Amino acid sequence: MRDTKNEFRFQINEGAEVPKFRQLMDSVNHAIAENRLSVGDHLPSVNQVCKEYKLSRDTVFKAYSLLKEQGVVDSVRNKGYFVAREVRRVFLFLDTFKAYKEVLYDSFTKNLPENVLSDVHFHHYNIDVFRRQIEESLGKYHRYVVMPFEHAEMEQILDLIPADKLLVIDWNLYARPASNVLYQDFGQSVYDGLEEVFPLLKKYRELVFLYPEFTNHPLDSVHFFERFCRDRQLTFRVERRSSAFEVQPGVAYISVSDRMLGRFLEQCRDKGLEPGRDAGILSYNETPMKKFIYKGITVITTDFQLMGSKAAEFVSTDAPMQFCVPTGVLIRESL
């Protein structure tokens, strides 16, 4: 073990919402990620940390104990704590935590090596939150896995992250030829998916794309829906007002919002309409529950489990990545 007591210092922010024990853990993990701490380096004793940073013994002991449980540090009687292994931290930045994002997150974390830990954050399509989180994360992580959104300032913010450390996922936005991207196709794949279920769609007198005012789904899907309907000479429209939505018999709906899917099912129940017989629904993005709702909800979806495992591959191998995750249709009774 090497003595680093005079070289390493904890970063404690008194005004932060993050608990003190978590700040102690983050300080150690970030120092390891930045090579300021190496395997075998000695950490300050519990008593020393308590005295120097005016923290309770329980707080410091909890931080060291959790680090030990994670295998980051180990201890030797009468010699204290030391770094037991190299730990890499990953900054995972998602838009919102919806059910299908849980599938992505679960696959991502399960496929990471044991010495890689991820910190997940959410921006909720708020550019100020996005900028602040990125700025505060700079230099603290081995890799950045970021889900962006359309905004005039987005490209400038993403440029703050070294290109070789950044993987843009879900949307192929602001990517340059050498950028690392892991994305789904919201355009042609929608057209192809509709083509696959055309034998089911043509029994309806009208197709309606539900694109409510609160959605952030890419407009490419709407454009390719319109192109498909024109090519197939189908009657169609796009409904952008959630308040105007009312299920009609003989109509099939394409929904990019689970909130609108819920309203469809609720109105079908109230009106005595049977999904898949009297009115149809094609939902965007698979979730674990959609195969159990009613007799099953037909979905057009990318493979979020694959997206999660490929993101973990980028983090684990340090190899460049440019990969389009395939999108397909799961046909169930709702159509």
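**A friendly note on this predicted model**

1. Let us start at one residue. Leaving aside its neighbours within four places in sequence, proline 148 is in contact with Phe130, Met154, Leu158, Val168, Ile169, Trp171 and Leu173. Keep in mind as you look around that this is a predicted model. Where does proline 148 sit? Its place is in the loop between strand 7 (143-146) and helix 6 (154-158). Is proline 148 buried or exposed? With a relative accessible area of 2%, proline 148 counts as buried, because the cut-off for buried is under 20%.

2. Now step back to the whole chain. It has 335 residues, and 50% of them count as buried. Its secondary structure comes to 11 helices and 16 strands. The C-alpha trace spans about 80 × 45 × 30 Å along its principal axes. The accessible surface comes to about 16500 Å², with 47% of that belonging to carbon and sulfur atoms. Among contacts between residues at least 6 apart in sequence, 66% join residues at least 24 apart.

3. Of its 7 residues, 6 are buried, so strand 5 is largely enclosed by the rest of the structure. Strand 5 and strand 6 (residues 116-122) run parallel and are joined by 7 bridges.

4. In what order do its 6 strands lie? The order is 11-10-12-13-14-16, and the pairing is mixed. Strand 11 (236-239) and strand 16 (327-330) stand at the edges; each has a single partner strand, so one side of each is left without a neighbour in the sheet. From one strand to the next, the twist averages 20°. Strand 10 (residues 206-210) pairs with strand 11 in the parallel sense over 4 bridges, and leucine 207 stands opposite phenylalanine 236 of strand 11. As background, strands of a sheet pair through backbone hydrogen bonds, either parallel or antiparallel.

5. Two helices are worth a look as well. Helix 4 (residues 99-110) packs against helix 11 (residues 304-317) at an angle of about 35°, and their axes are 7 Å apart. Their crossing is right-handed. On the helix 4 side, the contact is made by Tyr100, Val103, Leu104, Ser107 and Phe108; the residues from helix 11 include Phe304, Met307, Gly308, Ala311 and Val315. What kinds of residue make up this contact? They divide into 9 nonpolar, 4 polar and no charged.

6. Finally, check two backbone angles. Most residues other than glycine have a negative phi. Histidine 124, however, has a positive phi, near 55°. Histidine 124 is found in the loop between strand 6 and helix 5 (127-137), and is exposed, with a relative accessible area of 52%. Tyrosine 294 is not a glycine either, and its phi is positive at about 50°. Look for tyrosine 294 in the loop between strand 13 (280-284) and strand 14 (298-302). Is tyrosine 294 buried or exposed, or something in between? Tyrosine 294 is partly exposed, with a relative accessible area of 41%.

Note on methods. Residues numbered from 1 in each chain as written. Predicted model: local features only at pLDDT ≥ 70, side-chain atom pairs only at ≥ 80, totals over all residues. Heavy atoms only, no water. Buried < 20%, exposed > 50% of the residue type's maximum accessible area, 1.4 Å probe, protein only. Contact = heavy atoms within 4.5 Å. Pairing = 2+ DSSP bridges. Axes fitted to C-alpha atoms, helices over the stretch in contact; angles between N-to-C directions. Left-handed = near helix turned anticlockwise from the far one by under 90°. Nonpolar A, V, L, I, M, F, W, Y, C, P; charged D, E, K, R; others polar. Areas by Shrake-Rupley, 256 points an atom, 1.4 Å probe, with all protein chains shown as cover.
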